Amino acid sequence: MAAVSQTISRTTARWWLLQLTSVHRSSCVKPSYASESTKVKSHLRYLRPFSSHPLTWCGIRALCTTNQGNDRLDKNKEKAGQTPEQTPEQTPEQTPKQTVQMTSNEKILEKAASKTSDEDPVPRPKIVSYKDRRRRIDYSKKYTDNITITAVRAMSEYLLKSSDLEQLRKTVRRSPYEQYGEKMSMMVYLRSDVETKSIEVWGSKEALEMEKRKRKQKEDFYKEHVFLLKRAIKEYDTFYGETKQPEQTMFQGAGKVVLIAIAINSANFLFKLVAWMYSGSSSMFSEAIHSAADVCNQVILALGIRQSIKRPSADHPYGFSSIRYVSSLISGVAIFCIGAGFSCYHGFMGLIHPEPMESLFWSYCILAGSLLTEGATLMIAINAIKKGAKAKQQTFMEYVLRSRDPSINVVLLEDAAAVLGVMVAAGCMGLTSYTGNPMYDAMGSIAIGAILGCVSGFLVYSNTEALLGRSIPESELMRISSMLENDVMVRGVYDVKATDMGVDTIRFKAEVDFDGREVTRSYLDGQDLESLLQELKTYTTMEEIEGFMLKHGEKIIDSLGAEVDRIEKEIKTLNPEVRHVDLEIL
């Protein structure tokens with residue numbers, strides 16, 4: 001009976017297991033017993049020693065409930081984006097592999113999907129925007145394709161003829177040079193085209209360099225006969241009737257004053273030297289030395305004026321006007337060393353070793369003549385300074401203190417010192433002749449030396465300040481800045497500097513913030529806006545729009561350059577001394 005009872009219990013358990021499995025499959029839920037058959041068998045094997053039906057049934061029911069709960073948890077994980085086999089603490093590599101039974105249709109669909117994914121998709125054309133395919137500017141590389149040169153440079157540097165340039169690309173640009181006060185246009189060529197043409201003509205760069213060296217040797221040979229070249233140029237100008245603007249000469253302005261002073265002081269030196277040799281007066285000797293120093297200094301001034309009126313050269317593009325300050329500085333040093341030094345030395349020697357003097361009659365006569373001649377030269381210098389101060393709208397003292405014309409200042413101060421020195425010499429000689437004491441005459445020589453020392457000190461100081469690059473007066477600087485700020489094209493003026501570079505030569509520099517809208521409006525004033533509108537309507541691609549913008553953008557830049565030229569011309573008209581204007585665009 002025990003064996004029969006065990007058999008019935010096993011049969012009953014298996015029947016209930018089959019019933020539960022069929023019910024579970026019919027409910028569209030993944031069969032837990034199909035996937036967990038091993039667990040069921042092991043559970044039944046665990047329950048086999050126990051013959052109690054309630055225990056068997058409870059074990060099977062607990063297992064089914066646990067598997068159904070796991071199925072619901074797996075579905076919730078799938079909805080949340082996790083695989084059923086992957087727990088939040090596990091990675092896909094850590095998830096244990098499980099066997100999943102799939103139907104034949106699912107396998108077919110999976111194979112078709114994998115086959116489709118393995119095949120290469122049909123290549124589609126990649127859409128590139130116009131912004132990505134347009135040419136960009138690379139500031140890190142050297143770019144010389146757009147460099148242009150003039151015909152003169154092409155013929156001088158690349159040894160081409162005018163006929164060689166006729167077939168090259170060329171364009172008309174604004175000229176940076178002025179002719180008769182107006183800007184002219186010029187023809188320019190691309191340097192790359194010129195280089196290619198030069199290699200085509202000469203065969204190679206080496207042949208071109210060799211020919212340039214040969215021509216340089218010939219040029220050096222021709223420079224030895226410069227006078228022939230100058231005469232040829234003069235004949236050329238005469239033949240074509242080209243008129244030149246009048247040039248300053250040595251017989252105008254400061255040159256005229258200096259030449260007159262040289263002639264008068266040379267005569268005074270001779271007369272004073274004779275009077276000293278006749279009388280033996282220390283004061284007369286000082287006056288003779290004074291006149292000799294004046295002659296030497298004025299010769300130096302004349303040489304400086306002669307150099308200052310030369311035209312600018314390649315080595316000195318801003319001219320030679322500042323050499324007047326150099327010559328005046330040398331003159332001041334010479335006055336101190338020769339005039340003041342010798343006068344003081346002779347005076348001290350007269351104090352140490354006094355000597356009796358002869359008759360002073362002729363000395364008085366010569367001093368009177370010197371007073372007249374020196375006074376005449378002084379009046380010429382004063383009139384020249386008054387004329388210059390009036391032209392610059394300055395007072396007499398402002399003109400002298402700023403050393404606007406150093407050559408005339410030297411003549412003025414030397415003649416003033418000479419007149420004062422003549423009066424000191426006459427007074428000391430009179431005291432000596434009245435008292436018979438030669439000490440007064442020696443003291444007069446020392447006093448003349450002190451006067452010359454003061455003059456030389458002022459000349460050295462004023463000319464040194466001018467050579468260091470002194471600024472122009474504040475009133476003139478404000479007047480030019482105000483004119484710039486009142487211009488319609490200008491929004492702001494910054495870092496304004498104006499340097500006195502020499503006689504009647506000022507260099508003006510400023511950073512200008514131009515109004516781009518006004519510059520563009522100025523350009524559009526000369527364009528037909530209706531035709532521009534019709535032209536824009538015909539464009540359908542980005543390339544055409546870019547070409548339109550590049551064409552008119554270049555013209556707007558040319559318009560900006562024309563505005564800069566106009567402002568520079570107005571500045572030079574307002575202040576004729578401004579010879580060089582540098583406007584930097586912000």
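A: What follows begins with the chain as a whole, turns to the core and its helices, and ends with some separate local features.

The model is a predicted one, and its chain holds 21 helices and 6 strands. Of the 586 residues in this chain, 33% count as buried. Among the contacts between residues at least 6 apart in sequence, 70% join residues that are at least 24 apart.

The largest nonpolar core has 36 residues, and those that touch the most other members are Val258, Leu367, Ile385, Val411, Leu412, Leu452 and Leu459. Two or more residues are given to this core by each of α11 (254-279), α12 (282-308), α13 (323-352), α14 (361-391), α15 (396-401), α16 (406-435) and α17 (439-467). Of these elements, α16 provides the largest share, with 10 residues.

The pairing of α11 with α16 can be described in more detail. The axes of these two helices come within 10 Å and cross at roughly 30 degrees. Because an angle under 35 degrees counts as roughly parallel, α11 and α16 are roughly parallel to each other. Their crossing is left-handed. On the α11 side the contact is made by Ala254, Val257, Val258, Ala261, Asn265 and Lys272, while α16 contributes Ser407, Ile408, Val411, Asp415 and Val422. Sorted by class, the residues of this contact are 7 nonpolar, 2 polar and 2 charged.

Gly253 is found in the loop between α10 (226-240) and α11. With a relative accessibility of 46%, Gly253 counts as partly exposed, because that class covers values between 20% and 50%. The C-alpha atom of Gly253 is separated by 9.4 Å from that of Gly388, although the two residues are 135 residues apart along the chain.

Helix α20 (residues 529-537) packs with helix α21 (residues 542-574) at an angle of about 150 degrees, and their axes are 10 Å apart. That angle makes α20 roughly antiparallel to α21, and the crossing of α20 and α21 is right-handed. In this contact Leu532, Glu535 and Leu536 of α20 meet Ile545, Phe548, Lys551 and His552 of α21. By class, the residues of the contact divide into 4 nonpolar, 1 polar and 2 charged.

Two backbone features elsewhere also deserve a careful look. Most residues other than glycine have a negative phi. Leu159, which is not a glycine, has a positive phi of about 55 degrees, and Leu159 lies in the loop between α7 (151-157) and β2 (170-179). With a relative accessible area of 7%, Leu159 is buried. Asp495 likewise is a residue other than glycine with a positive phi, here near 50 degrees, but the place of Asp495 is in strand β4 (residues 490-502). The relative accessible area of Asp495 is 37%, so Asp495 is partly exposed.

Key:
Residues are numbered from 1 along each chain as its sequence is written. This is a predicted model: local features need pLDDT of at least 70, side-chain atom pairs count only at pLDDT 80 or more; totals for chains, interfaces and linings use all residues. Side-chain values use heavy atoms; hydrogens and water are left out. Axes are lines fitted to C-alpha atoms, for helices over the stretch in contact, and angles run from 0 to 180 degrees between N-to-C directions. Helices (H or I, at least four residues) and strands (E, at least two) are DSSP runs, numbered from the N terminus. Angles under 35 degrees count as roughly parallel, over 145 as roughly antiparallel, 65 to 115 as roughly perpendicular and the rest as oblique. A crossing is left-handed if the near helix is turned anticlockwise from the far one by less than a right angle, and right-handed if clockwise. Contact means heavy atoms within 4.5 Å. Ala, Val, Leu, Ile, Met, Phe, Trp, Tyr, Cys and Pro count as nonpolar, Asp, Glu, Lys and Arg as charged, and the others, Gly among them, as polar. A nonpolar core is a set of buried Ala, Val, Leu, Ile, Met, Phe, Trp, Tyr and Cys residues joined through side-chain atoms within 4.5 Å. Buried means under 20% relative accessible area, exposed over 50%, partly exposed in between (1.4 Å probe, protein chains only).
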